[in-house]
Amino acid sequence: MTKKHALFGNLIVCFEDKTNEQVFYRTFQISPSNNELTNLNVTILDGYGVPFQDYYVQISNDTKKIYFRRADYLIEASHDYAKATIHVHDELALKHALMNLYSSYIVYHNWGLLIHSSCAIENGKAHIFAGHSGAGKSTAARLSQPRNLLSDEATIVKIEEDGITVFDSPFRSELQSTGYQQPTPLAGIELLHQAEINSLEKMRKPDALLSLMDKVFYWSHDPAETQRIMGLLRILVEKVPVYELYFRKDPTFWELIS
C-alpha cells in the first residue's frame, strides 16, 4: 500500500490507508509531497463498529497508548499522538476521528487549536466566526463569498507569542475549500448572534476567554492538556480582539468588521 501525505496546517501527515481508497479521497485532498519530515503517521483501517449514533467518546489509556472509542471509530494513539491507528466505519467516522486525533496532537505539542467556527479572508487578514450550534457559522461563511474561505466548520489556528495564523482547513461541512493555501494572519474573532440589526461589541479579554473555551475541539481527559488549552487561549485573546457580532442574514455585516 502506497503511503500518502497531506498538509493539515503546516503539519505533514503521512497516511497508510487500508480502506477503500475512494473513501479517503472523497474526504481529504492528498498532497503530492513525499517530505520525510512527517509530524503524524496514521494508519486507517475499515470495518469497525456501526453508523454514527452520538458524539460520546470513551477515553482510556495504558502505558503504551491512548484509546478514543466511539460507536463508529476507534483511535489507538501513542502518548504524544505522533503515531496512530484509526479504525472506522465510514467517511463520517473517518473525518471525526481525524479531527479528534489532530486536535489532540496540536494541543499536546502546544502548536495551536482547532476551533469550531468558519473563517473568511478580507484584505489579507482572516476573520473567524464562532458560535454555538445553529448560531450561523456556515451562514456567515456563505454570505462572505466570493471572499476566500479557510473553513466552514473547524478552523486551524496556530498560536505563537509573535503572532496568530490561520490555515486552510480540510475539516469541512458544506462549503469546499476555495483553494487559498497561504497561511493568513488572524485579524479578529466574531462570536455570532443572529439579529434584525447589525452591531459589533468588543469583549473584555476574560469574557472572551470564557466564551471561547467551549468552541475548542478537544476531548478532555488530562488536566495537563486542559492547562495547555487555557494557556493557548490566553495568548489568543491577548493577541487578537474578540467581538460579539449581531448580524442580519445578508453580507452587510462586513461593513462593521472590514
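How do strand E6 and strand E7 pair, and over how many bridges? I looked: E6 (residues 73-78) and E7 (residues 83-88) pair in the antiparallel sense over five bridges. In that pairing, Leu74 has His87 in E7 as its bridge partner.

Ground rules before I go on. This is a predicted model, where local features need pLDDT of at least 70 and side-chain atom pairs count only at pLDDT 80 or more, while totals for chains, interfaces and linings use all residues. Residues are numbered from 1 along each chain as its sequence is written, and side-chain values use heavy atoms, with hydrogens and water left out. Helices (H or I, at least four residues) and strands (E, at least two) are DSSP runs, numbered from the N terminus. Two strands pair if DSSP finds at least two bridges between them.

**Entry: the sheet.** I traced an open sheet of seven strands with mixed pairing, in the order E1-E2-E3-E7-E6-E5-E4. E1 (4-8) and E4 (58-61) are at the edges with a single partner strand each, so one side of each has no neighbour in the sheet. From one strand to the next, the twist averages 20 degrees (axes are lines fitted to C-alpha atoms, for helices over the stretch in contact, and angles run from 0 to 180 degrees between N-to-C directions).

I then checked some parallel pairs. E2 and E3 run parallel, joined by five bridges, and Cys14 stands opposite Asn41 in E3. E3 also pairs with E7 in the parallel sense over five bridges; there, Ile44 is opposite Ile86 in E7.

**Entry: two helices.** I looked at H4 (residues 205-213) and H5 (residues 223-239), whose axes come within 10 Å and cross at roughly 130 degrees. That makes H4 and H5 oblique to each other (under 35 degrees is roughly parallel, over 145 roughly antiparallel, 65 to 115 roughly perpendicular, the rest oblique). Among the residues that meet are Leu209 and Leu212 in H4, and Leu233 and Val237 in H5 (contact means heavy atoms within 4.5 Å).

**Entry: salt bridges.** My search of the whole structure found eight salt bridges (a side-chain nitrogen of Lys or Arg within 4 Å of a carboxyl oxygen of Asp or Glu). One of them joins Arg147 to Glu122, with the closest N and O atoms 2.6 Å apart. Arg147 is in the loop between H3 (137-144) and E10 (149-151) and Glu122 is in E8 (residues 112-122), so the pair ties together parts 25 residues apart in sequence.
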